[in-house]
Amino acid sequence: MKAMIVVNPSSGSEQAEEFVTQLETRLREQFKEIVTKETQEAGDAEKFSSQAALEGYDAIFLMGGDGTINEGINGIAKQDYHPLIGVIPLGTINNFARVLGISMNAKVAIKQLDFKNTKKVDIGKVNDLFFVSTVSVGSIPETVQHVDDEAKSKLGPLAYVMEGVKALNDDETSVFRMKLDGDDFEGNYSMLVIGLSKSVSGIGTVFSSAEIDDGYLYMLCLKKSTAAEKMKLIPELLRESDDYSEKLVLKKFKLADLKSKEGKEFTTTVDGNKGPKFPIHLEVYKQLLTVYVPKLN
């Protein structure tokens, strides 16, 4: 059996090299051949993962933040053959790893690897880009795109919060036209957040009824609201309930087409990075990929 490690050495901490060594040692218990690839620029993780899938590797282990995981998943999902996937979080939020119950401590995540314990998971697709966590539209999620690596390294998740606060007073709305599983809808919203599971940006209660393997996408639509009203909505996102106030609209679907009635070319945020512009087509691929998950006692 052979495995490839795809690592972003600049993710998380300066201990990336040490974690790679630890992972290589752990993988020797299961794999005869281990190849390690370090990313140097955007697109490398997708390229390496695609190569591994095409060459028939048994497993690919992705080490990095949500951006690295997204690239790796895109490299794998676009191929006919899908190796098993391991995730070792080194980033700031690590939403996909959280959903899978993987420790945020890379050393612990490596120790907890269970080569006999796997889970089939859903993957979403927006236009030509696959995603594992979220697609969002609006001024608040767009701030995520502006958080630089230095801020993430120094402040961690707080860096995203600080950027997001700056956009709270932005109450600009747009009329969105939506076709969800064949049904047409129209609504005036300031933000859309589409997710595959309960967790959004590390908050595990946003879509309380969602599961990563249920074959559905979930969307929260935010109506026109002031900064104070947005702050009051936060407790609703921190409770185990989908009973939202009238400012939030929840929709559940498998296929969707979204566009702006005014023809605005909104730029989406996909798994924390800049994504395609409007209009967009969304769909879910039920249990497309198989990932290693820890067997916790």
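## Gln79 and its neighbours

Let's start at one residue: not counting residues up to four places away in sequence, Gln79 touches Ser50, Ala53 and Leu54, where contact means heavy atoms within 4.5 Å. Gln79 sits in the loop between α3 and β4 (84-89). Is Gln79 buried or exposed? Gln79 is buried, because its relative accessible area is 18% and buried means under 20% relative accessible area (exposed is over 50%, partly exposed in between; 1.4 Å probe, protein chains only).

A word on the model: it is predicted, so local features need pLDDT of at least 70 and side-chain atom pairs count only at pLDDT 80 or more, while totals for chains, interfaces and linings use all residues. Residues are numbered from 1 along each chain as its sequence is written, and side-chain values use heavy atoms, with hydrogens and water left out.

## The protein as a whole

The protein has nine helices and 16 strands; these are DSSP runs numbered from the N terminus, helices being H or I of at least four residues and strands E of at least two. Of the 297 residues in the protein, 51% are buried. Taking contacts between residues at least 6 apart in sequence, 73% join residues at least 24 apart.

## Where α2 meets α3

Helix α2 (residues 44-54) and helix α3 (residues 66-77) have axes that come within 7 Å and cross at roughly 35 degrees. Here axes are lines fitted to C-alpha atoms, for helices over the stretch in contact, and angles run from 0 to 180 degrees between N-to-C directions. The crossing of α2 and α3 is right-handed, the term for a near helix turned clockwise from the far one by less than a right angle (anticlockwise is left-handed).

Which residues of α2 and α3 meet? From α2 come Asp44, Ala45, Glu46, Ser49 and Ser50, and from α3 come Thr68, Glu71, Gly72, Asn74, Gly75 and Ile76. By type, the residues of this contact are two nonpolar, six polar and three charged.

## A closer look at the two helices

Helix α3 is mostly covered, with eleven of its twelve residues buried; among them are Asp66, Asn70, Glu71 and Ile73. The end C-alpha atoms of α3 are 16 Å apart, which agrees with the 16 Å that its twelve residues should span at 1.5 Å a residue; the expected span is 1.5 Å times one less than the number of residues. Gly75 is found in α3 and is buried, with a relative accessible area of 1%. Leaving aside neighbours within four places in sequence, Gly75 is in contact with Glu46, Ser49 and Ser50. Gly75 and Lys47 are 28 residues apart in sequence, yet 6.2 Å apart in space, C-alpha to C-alpha.

In α2, the buried residues are Asp44, Ala45, Phe48, Ser49, Ser50, Ala52 and Ala53. Their cover includes β1 (2-7), β2 (33-38), β3 (59-64) and α3. After α2 comes Gly56, whose phi is positive, near 75 degrees.

## The nonpolar cores

The largest nonpolar core has 70 residues, and those with the most contacts inside it are Phe61, Leu192, Leu258 and Leu282. A nonpolar core is a set of buried Ala, Val, Leu, Ile, Met, Phe, Trp, Tyr and Cys residues joined through side-chain atoms within 4.5 Å. Strand β16 (residues 280-292) gives the most to this core, with six residues. Apart from this core lies another, of eleven residues, including Met191, Phe207, Leu220 and Tyr244.

Methods. Nonpolar A, V, L, I, M, F, W, Y, C, P; charged D, E, K, R; others polar.
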